[in-house]
Amino acid sequence: CALPILQTLFSVGGRTLVVADLLVQPNDPCLENVSLRDAVNEFHFTPVALGDRIIRSIDELHTDETLKVGDRLTIVAELADLERLLQRISKASGER
């Protein structure tokens, strides 16, 4: 699974948020060939960029848009949701 590269950490309204880059890796069970909408729904993050393309609204995403190896996804997420993604990454890495 993609290990996040943290860009920044900040607090808004008592919630800790992170901005992170995720790079989709080969055989990534969390993100490879997963629709971006499904990833958003499962991991509760907001995508802000896919590669060099800025995502201003989730409505901009095509329903069939899937993440591919090499895609760099920039997200904003609550720290707890990123931790849940990291736990999933750790579990998937241990299964290989």
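Asp21 is located in strand S2 of a predicted model. This residue is buried yet takes part in no salt bridge. The nearest side chain of opposite charge, that of Arg72, lies 4.4 Å away, whereas a salt bridge requires a nitrogen within 4 Å of a carboxyl oxygen. The side chain of Asp21 is instead joined to that of Gln7 by a polar contact of 2.7 Å. When residues up to four places away in sequence are set aside, Asp21 touches Leu3, Pro4, Ile5, Gln7, Arg72, Leu73 and Thr74.

Of its 96 residues, 39% count as buried. Among contacts with a separation of 6 or more, 63% are made by residues 24 or more positions apart. The accessible surface comes to about 5700 Å², and carbon and sulfur atoms account for 51% of that area.

The largest nonpolar core comprises 21 residues, of which Leu31, Leu36, Phe45, Leu67, Leu73 and Ile75 touch the most other members. Two or more residues are given to this core by each of strand S2 (15-23), helix H1 (36-43), strand S3 (45-50), strand S5 (72-78) and helix H2 (79-95). Helix H1 provides the largest share, with 4 residues. Arg37, in helix H1, is partly exposed at 27% relative accessibility. The C-alpha atoms of Arg37 and Glu65 are 7.9 Å apart, although the two residues are separated by 28 positions in sequence.

A search of the whole structure finds 3 salt bridges. In one of them, the side chains of Glu78 and Arg15 meet at an N to O distance of 2.6 Å. Glu78 belongs to strand S5 and Arg15 to strand S2, so this pair ties together parts that are 63 residues apart in sequence. Both residues are partly exposed, Glu78 at 27% relative accessibility and Arg15 with a relative accessible area of 47%.

Another salt bridge links Arg72 with Asp52, with the closest N and O atoms 3.6 Å apart. Because Arg72 lies in strand S5 and Asp52 in the loop between S3 and strand S4 (53-54), the pair connects parts that are 20 residues apart in sequence. Arg72 is partly exposed, with a relative accessible area of 33%, while Asp52 is exposed, with a value of 75%.

A further salt bridge, with an N to O distance of 3.1 Å, is formed by the side chains of Glu65 and Arg53. Glu65 is found in the loop between S4 and S5 and Arg53 in strand S4, so parts that are 12 residues apart in sequence are tied together. Glu65 is buried, with a relative accessible area of 13%, whereas Arg53 is partly exposed, with a relative accessible area of 35%.

Most residues other than glycine have a negative phi. Asn27, however, has a positive phi near 60 degrees; this residue is found in the loop between S2 and H1 and counts as exposed at 62% relative accessibility. His44 also has a positive phi, near 55 degrees. It lies in the loop between H1 and S3 and is partly exposed, with a relative accessible area of 47%.

Terms used. Residues are numbered from 1 along each chain as its sequence is written. This is a predicted model: local features need pLDDT of at least 70, side-chain atom pairs count only at pLDDT 80 or more; totals for chains, interfaces and linings use all residues. Side-chain values use heavy atoms; hydrogens and water are left out. Buried means under 20% relative accessible area, exposed over 50%, partly exposed in between (1.4 Å probe, protein chains only). Contact means heavy atoms within 4.5 Å. Accessible areas come from the Shrake-Rupley method with a 1.4 Å probe; for residues, only the protein chains shown count as cover. A nonpolar core is a set of buried Ala, Val, Leu, Ile, Met, Phe, Trp, Tyr and Cys residues joined through side-chain atoms within 4.5 Å. Lys and Arg count as positive and Asp and Glu as negative; His and the chain ends are not counted. A polar contact is a pair of N or O atoms within 3.5 Å; within protein, one must be able to donate a hydrogen and the other to accept it, and residues adjacent in sequence count only if both atoms are side-chain atoms.
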